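Here's a quick briefing to read with the model open beside you. Take a look at the fold first, then come back for the details.

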Amino acid sequence: RDRELTALANYNELILNNVRSGIITVGHDGLINACNAAASSMVHLDGESSLPLDLEMAVLPQEVKDLIRQGIHEGEYVTLKECRLVYDGREEILNVPTSPFSDGAGEELGVIAVISDITQIKKLEEQLLVSQRLAAIGEMVAGVAHQIRNPLAIMKVSAEILRDNFGKGKGKNEGEYKELSRVLVSEI
């Protein structure tokens, strides 16, 4: 029976350490009872720290500690919380939902935080937003260019008519030339 329990514990530990999401469990006593390799990596927790580890003494981002404390002390949990932190000069964005951690009988043991690194997703979203803004600016510029091109075309045609007919046929076309000159001035 001891061997079976040990094998089961090892199997559970293998599962935890192979999950890509970070998992941290903290009891009501404020002790971190479990922290898988992914969580240690994402929150830059020293892998050599032995568990249980006091939450207050752990080198965790303050925002993550605050979310866990909120669950322990106030019973308030979050489903979607982005935590932005800077590590080695790089911004990292983590999604840190928390939920109650209960045993099989439904007794609440503490808080579980499941951490996902969403830095790349957020950077792609920001790039998409910039691309959309640039596309909108491009459309606006094209519209402005169109609005400028129309009067320029009218001015060009009017100037060409005046150039080609300047001094010819005084009298009968004089009203037409005056109108072309008026349109040219107006469009300019």
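Is aspartate 88 buried or exposed? Aspartate 88 is exposed, with a relative accessible area of 66% (exposed means over 50%, buried under 20%, partly exposed in between, using a 1.4 Å probe and protein chains only).

Before the rest, some ground rules: this is a predicted model, where local features need pLDDT of at least 70, side-chain atom pairs count only at pLDDT 80 or more, and totals for chains, interfaces and linings use all residues. Residues are numbered from 1 along each chain as its sequence is written, and side-chain values use heavy atoms, with hydrogens and water left out.

**The loop residue**

- Aspartate 88 sits in the loop between β4 (82-87) and β5 (90-95); strands (E, at least two residues) and helices (H or I, at least four) are DSSP runs, numbered from the N terminus.
- The phi of aspartate 88 is near 55°, which is a positive value in a residue other than glycine.

**The cysteines**

- The disulfide count is 0, where a disulfide is a pair of cysteine sulfur atoms within 2.5 Å.
- Cysteine 35 has its closest cysteine sulfur in cysteine 83, and because that is 15 Å away, it's too far for a bond.
- Cysteine 83, likewise, is in no disulfide.
- Cysteine 35 counts as buried at 19% relative accessibility, and cysteine 83 counts as buried at 1%.

**A buried lysine**

- Lysine 65 is part of helix α3 (residues 62-74).
- Though buried, lysine 65 has no salt bridge (a side-chain nitrogen of Lys or Arg within 4 Å of a carboxyl oxygen of Asp or Glu).
- Its nearest side chain of opposite charge is glutamate 56, 5.0 Å away; Lys and Arg count as positive, Asp and Glu as negative, and His and the chain ends are not counted.
- Leaving aside residues up to four places away in sequence, lysine 65 touches Leu55, Glu56, Ala58 and Leu60, with contact meaning heavy atoms within 4.5 Å.

**Helix α5**

- Helix α5 (residues 174-187) has 14 residues and reaches 20 Å from first C-alpha to last, close to the 20 Å expected at 1.5 Å a residue (that is, 1.5 Å times one less than the number of residues).
- Tyr177, Leu180, Val183 and Leu184 are buried in α5.
- Those buried residues fall within an arc of 120° seen down the axis, so they line one face of the helix; the arc is that of the directions from the helix axis to the C-beta atoms.
- Over on the other side of α5, Lys178, Val185 and Ser186 are exposed.
- The cover over the buried residues of α5 includes α4 (119-165).
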